[in-house]
Amino acid sequence: QRVLNLIEKTKANAGTMTAITAMEAGGAYNSTMQEVNDLPFDTLMNHSPVFAELIGQGLSAEEACAQVANAAAMQAAGWTGMMAAPLSALVARFEGNIFSARPLGAAMGNIVGESAEEGGIGLGGGIAQNMAIRDNADSTRSLTQGVGEQLGQGAVLGAATAGAVQSPRM
């Protein structure tokens, strides 16, 4: 019976969960694309075999960088989406009806859920972006670069946003 209840809840929130997943994956795509585009030519040439190969094939630095950035961004978006999908279940009911009135206990649960979801996506998404950049653009990239900051920001901002949206309705 529990499994059936979970399936029913998931079906009811599927649209919201899909939207959350798409937004998180899109954010990972955009930030990874920007980060790779901001890498110096020397970094790409010395630490990205794909970039060096594309340059060797006669592509301009801009064309090669665009291809490498897109490959990294697609990889980061895919991994982030895979992490965001299950985490979205924590908040889909709340985010699907964000302005409804809630008792204090439910509101506090939503704040904790948003903090966990955004913090988890910050952690997992940060690692996914670092992996994608390491695999495509900069082989020296650490998997943990900036991850603690992304985790902390996600958790704090998730809680603050949920609290701010709900505070007039508690």
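**Notebook: salt bridges, a helix pair and the core**

I searched the whole structure, which is a predicted model, for salt bridges and found two.

I took the pair of E35 and R141 to begin with, and noted that the closest N and O atoms of this salt bridge are 2.5 Å apart. I then looked up where the partners sit, and found E35 in helix α2 and R141 in the loop between α7 and α8 (147-166), so that the pair links distant parts of the chain, 106 residues apart. Is R141 buried or exposed? I read a relative accessible area of 10% for R141, which therefore counts as buried, the cut-off for buried being under 20%.

Next I turned to the packing of two helices. I looked up helix α4 (residues 49-56) against helix α5 (residues 61-87), and recorded an angle of about 145° between them, with their axes 9 Å apart. I also noted that the crossing in which α4 passes α5 is right-handed. Which residues meet in this contact? From α4 I listed V50, F51, L54 and I55, and from α5 I listed A61, A64, C65, Q67 and V68. When I sorted the residues of this contact by type, I had eight nonpolar, one polar and no charged.

I then looked up the largest nonpolar core and found that it has 16 residues, with V36, L44, F51, V68 and A137 making the most contacts inside it. I asked which helices each supply at least two residues of this core, and wrote down α2 (14-37), α4, α5 and α7 (104-136). Of the contributions to this core, I noted that α5 gives the most, with seven residues. As background to this entry, I keep in mind that nonpolar side chains tend to be buried together in soluble globular proteins.

Leaving aside its neighbours within four places in sequence, I found V68 in contact with V36, L44, S48, V50, F51, L54, N136 and A137.

Notes
Residues numbered from 1 in each chain as written. Predicted model: local features only at pLDDT ≥ 70, side-chain atom pairs only at ≥ 80, totals over all residues. Heavy atoms only, no water. Axes fitted to C-alpha atoms, helices over the stretch in contact; angles between N-to-C directions. Helix = DSSP H or I, 4+ residues; strand = E, 2+ residues; numbered from the N terminus. Left-handed = near helix turned anticlockwise from the far one by under 90°. Contact = heavy atoms within 4.5 Å. Nonpolar A, V, L, I, M, F, W, Y, C, P; charged D, E, K, R; others polar. Core = buried A, V, L, I, M, F, W, Y, C linked by side-chain atoms within 4.5 Å. Buried < 20%, exposed > 50% of the residue type's maximum accessible area, 1.4 Å probe, protein only. Salt bridge = Lys/Arg side-chain N within 4 Å of Asp/Glu carboxyl O.
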